[in-house]
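Visitor: I am new to reading structures, and I would like to look closely at one part. Could you take me slowly through the surroundings of one ligand?

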Amino acid sequence: MRLIGVIVLALVALTWADGPLPFETEDVEILNAEAGDNNYRLPEDLDPISYDIEITPYFTEETTPPGKSQFSFDGTVSIVFKVIKPNLNSFVIHENVRLVEGVRLFKTENDAVVPLLSGRQFERDTDHQFLKIYLDTGTTLEVGAEYKLLVIYVGNINETPLSRGVFRGNYKDENGVTRWYLATHLQPTHSRQAFPSFDEPGFKSTFRITINRPTSFSPTYSNMPLEVSLNQGERTKEIFRETPRMSAYLVTFHVSDGFKVIADNDDKERPYRILARSNAEGQGKYALEIGTPITNWLSDYLKIDYYSMAKYLKNDQIASPYWASGATENWGLVTYRELRLLYEEGETNAVDKLSIGTITAHELAHKWFGNLITCRWWDNVWINEGFASYFEYFAMHAAYPELELDDQFNIMYVQSALSADSATSTRALQHTVNSPTEVTGHFSGISYSKGASFLLMLKHLVSDDTFQQALYNFLDDRKYQHAFPSHLYDAFEKALSESKQEIKTTEGNNLDIKSFMSYWVLEQGYPVLNVSVNREAGTIALEQERFFVSPTATATQQVWPLPITYTTQSSPNWTDLSPVKVMNTKTDTLQNVPTDGWVIFNVQQKNIYRVNYDTETWLKIAQQLQTDHNVIHHLNRAQIVDDVFALMRSEKLSFQVGFQVLQFLEKDTSFYSWYPAISGFNWLRNRFLHTEPLALFDQYVFRLLDNVIKDLGFEVEPNEHVTRTLNRFYLLNFACNMGHQECINNSVNRFKSYKSGVTTSVNPNLRRHTFCEGLRAGDFEDWSFIFKRRQESNNQADEVAMLRALGCTKNDQARNEYLKNILTDDVKAQDRLNAFTFFYMGDQSNAKFALPFIKENVKEIEKAVVLPAWFQNIFANIAGYLDEEGLKEYETMLTSTQTEYPTAFTAGNNAIASARANIKWGSDKVEQIISVVDDLTSTTTPAPSSSEEPTTETPAPGSATVAFPATLMFLWTALAIILK
Ligand SMILES: *[C@@H]1O[C@H](CO)[C@@H](O)[C@H](O)[C@H]1NC(C)=O
Ligand SMILES: *[C@@H]1O[C@H](CO)[C@@H](O)[C@H](O)[C@H]1NC(C)=O
Ligand SMILES: *[C@@H]1O[C@H](CO)[C@@H](O)[C@H](O)[C@H]1NC(C)=O
Ligand SMILES: [Zn+2]
């Protein structure tokens with residue numbers, strides 16, 4: 001799955017980079033309370049072989065016969081399984097449906113009925129979502145024999161996708177008629193809502209799906225192609241071909257009145273299709289164009305062809321207007337939130353377009369990592385998500401190298417992993433989880449970003465060829481089965497030993513790849529490498545320690561095996577990425593290094609660690625960056641910017657030295673340098689908002705921005721590199737938000753010409769800041785103009801962009817309308833949490849404005865955001881946008897809701913405490929930082945204008961754009977991604 005957003009406490013989701021995202025959070029306290037309870041897991045007593053599932057859904061009144069309830073479905077499942085454990089007189093499977101009407105058990109060999117305990121044939125344990133079946137007294141299951149369990153039940157068609165399972169949605173067609181559909185989102189623990197099942201990733205079987213749809217509806221889609229369709233009057237019975245052997249969470253079906261194929265490669269052997277609502281025609285072209293090259297590249301690279309994985313296997317991608325995450329990898333029918341799949345030229349911006357490509361690559365990669373091979377249990381979900389996230393960038397990169405996604409991976413994933421993993425509360429890649437809540441919580445930034453970064457590090461350690469061979473070993477060994485990390489380690493050990501490569505450790509031994517891998521998988525966090533150059537002796541002393549962003553965290557005894565790469569001023573080489581050794585000790589010394597100039601460790605930041613240098617070396621680096629930053633590779637400049645901010649926060653690097661190093665930003669125009677810089681400056685600035693010297697800090701940042709804004713300009717140039725478009729997108733948004741006058745003037749003027757009809761369109765890559773500034777400066781009529789425009793939009797990415805812009809208003813009437821609108825159907829449940837955040841980010845005065853509204857509408861908000869975790873997020877998020885006066889008002893308000901909404905009270909108060917800590921941090925540090933940056937500006941010579949310096953090697957996407965609340969900044973970076 002691809003996550004969507006960020007996270008507050010333990011989070012999940014991410015849609016990445018673009019914005020504040022939807023949070024799918026799990027409450028840490030709940031997690032702790034459940035720790036150690038294993039009762040949610042099924043015993044390995046039985047081995048499922050095949051399922052037959054038949055579903056009859058009821059939608060509108062017309063399609064719901066008497067005696068049935070609307071938005072429910074009748075279900076029948078029969079599961080054939082083999083018995084592993086002797087003497088079983090009862091057994092258990094998962095189930096979380098509305099009603100279980102009856103169960104029957106047969107022995108498959110002769111179809112004989114197996115008698116069940118009379119009066120107590122089955123029992124439902126709703127707390128643990130178990131269905132327990134009791135055999136008659138004295139009867140046991142025969143080991144090795146096959147049985148068939150039949151369950152007749154009724155299921156729910158949930159109101160929103162946030163409840164997962166089977167849910168409904170609708171859309172208005174070109175004639176304004178409401179059309180219904182039903183979709184499924186069964187990952188990770190929701191198959192049990194659709195059918196009683198062995199609902200754990202490690203249990204694999206085949207599935208045959210049958211749907212009795214209303215005949216007036218369109219043909220149904222499922223994992224496999226339709227085999228038979230029988231018209232039976234009001235209903236049509238559709239029987240689909242059998243799936244490959246797979247986990248139950250990968251099952252899907254999509255029943256609709258009006259979805260259809262909107263793009264098709266018309267290749268019978270290697271089909272690829274885009275499906276969507278009927279009036280999205282034309283928006284599937286881009287998704288179709290990229291699908292085949294990515295599928296083919298993965299098939300070649302992994303040496304298992306996608307279409308060979310099962311007979312009749314298709315490769316459909318369907319856009320669902322309502323979807324809880326970014327996308328989900330159902331085999332044969334991947335479902336995407338609509339804006340992650342549909343592209344409309346002239347309406348969808350470059351950030352969203354790029355995410356269509358990367359999310360497609362992510363979902364397609366899951367076919368090998370996730371579907372063909374699946375983690376045994378969700379404690380190792382990184383095996384699914386780490387690989388998918390790695391190929392999200394590297395498979396898309398292989399198909400479209402000009403997008404530079406290999407480089408963008410550093411700022412989007414490596415750096416977000418470093419951020420997320422520097423908290424004391426971080427968890428290891430392999431992390432024990434049991435309950436559904438814990439499972440969902442582990443679909444978090446670490447499993448995605450650190451999992452993917454770990455694979456990149458590993459690839460550079462063993463070489464691409466060996467890496468590729470190891471993946472093949474792994475897939476070939478475990479296909480159609482589940483896998484433990486040890487299977488992956490074995491695959492690497494085999495490939496490495498066959499390659500005859502030797503990787504040396506500090507002690508001169510050959511590296512044991514299994515212990516290298518397991519250390520990174522089992523340990524929380526990662527280290528900072530201290531580099532201290534002895535110029536007389538020509539040696540470099542290295543020392544590692546766990547990196548915590550908090551200056552007060554307690555040191556640990558951990559010692560990571562660290563691939564050491566470096567380059568030097570006297571013989572720079574930015575392309576040699578193979579480690580000179582693996583440092584598996586706390587300290588080490590490098591001899592005979594040319595130490596007269598600078599040295600840079602972790603070349604191109606392919607490895608998971610930060611680097612801190614002795615002061616003299618930092619100053620040499622700073623000097624090089626100021627004289628000619630291009631001498632240092634753009635990915636190392638990105639690394640330096642990101643590391644410097646983190647090291648300053650953790651008090652391992654002084655502001656004097658840190659800001660001195662950052663001074664090169666006044667000349668550098670690279671996207672890769674600016675993306676982490678925007679995050680870093682936002683983090684600081686959000687802590688200074690209440691302070692007097694804010695204006696001085698802003699002036700300092702404006703001076704650094706001067707050159708890059710001149711270079712990028714306010715217009716999108718035809719055929720410019722995508723990283724330039726992205727850089728402008730994030731930078732102008734950042735600048736305008738800070739109050740950069742030229743940026744604001746340009747935006748307001750552009751907005752006015754657009755509104756008055758002088759220009760007919762605004763480039764989608766300029767809309768975020770243009771519309772936001774236009775509405776911030778505008779009146780109710782301006783706001784209504786965009787409101788109406790949003791309602792007329794037929795592209796979801798554009799609709800969400802407009803929603804964000806609407807949150808920028810400062811007009812009271814518009815603000816009231818905006819808030820009220822969030823709770824109506826006009827804003828989908830999946831967007832409501834973001835809609836609140838857009839509002840707080842939209843203008844500094846907005847969070848306080850929202851307080852009375854939240855107070856008066858707590859009940860409605862609780863219902864509208866569906867998930868308890870999202871409800872808590874509403875209360876946590878706002879605090880980061882309030883000043884002290886606002887916080888006081890908020891505190892009072894929370895007290896009045898304490899009794900009725902204790903979880904909101906706790907979430908709100910925790911957030912208030914951290915907002916106050918941020919404000920205090922700002923008050924404590926601001927003078928010092930201002931004096932440092934003042935000195936810098938007065939001593940460094942102004943850079944020559946670099947407007948004619950081509951920015952060929954730059955660019956990249958960013959994430960932290962709008963003033964992000966201080967409290968969330970770090971979580972947000974951590975996450976970046978959002979659900980896939
Ligand atoms: C950098 O190192 C690589 C690998 O050792 C070598 O092939 C390449 O020629 C070197 N490049 C430079 C500029 O020295
Ligand atoms: C690394 O350097 C920082 C900053 O000088 C220092 O605080 C820290 O103790 C050093 N750690 C190790 C393990 O050398
Ligand atoms: C922005 O516009 C205002 C009002 O039109 C004008 O006074 C100001 O000089 C402009 N500033 C810049 C930097 O363009
Ligand atoms: Zn995924």
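Guide: What follows is a walk around ligand 2. This is a predicted model, in which local features need pLDDT of at least 70 and side-chain atom pairs count only at pLDDT 80 or more, while totals for chains, interfaces and linings use all residues. Residues are numbered from 1 along each chain as its sequence is written, chains are lettered from A and ligands numbered from 1 in the order in which they are written, and side-chain values use heavy atoms, with hydrogens and water left out.

Around ligand 2 we find N530, E543, Q544, E545, N612 and K652, where a residue is near a molecule if one of its heavy atoms lies within 4 Å of it. Strand β26, residues 539-546, supplies the largest share of this shell, namely three residues; strands are DSSP runs of E, at least two residues long, numbered from the N terminus. Sorted by class, the shell holds three polar and three charged residues and no nonpolar ones, with Asp, Glu, Lys and Arg counted as charged, Ala, Val, Leu, Ile, Met, Phe, Trp, Tyr, Cys and Pro as nonpolar, and the others, Gly among them, as polar.

For E545, a polar side-chain atom lies 3.1 Å from a nitrogen atom of ligand 2. On its own, ligand 2 has 360 Å² of accessible area, of which the protein covers 58%, as computed by the Shrake-Rupley method with a 1.4 Å probe.

Notes
Polar contact = N/O pair within 3.5 Å; in protein donor to acceptor, adjacent residues only side chain to side chain. Helix = DSSP H or I, 4+ residues; strand = E, 2+ residues; numbered from the N terminus.
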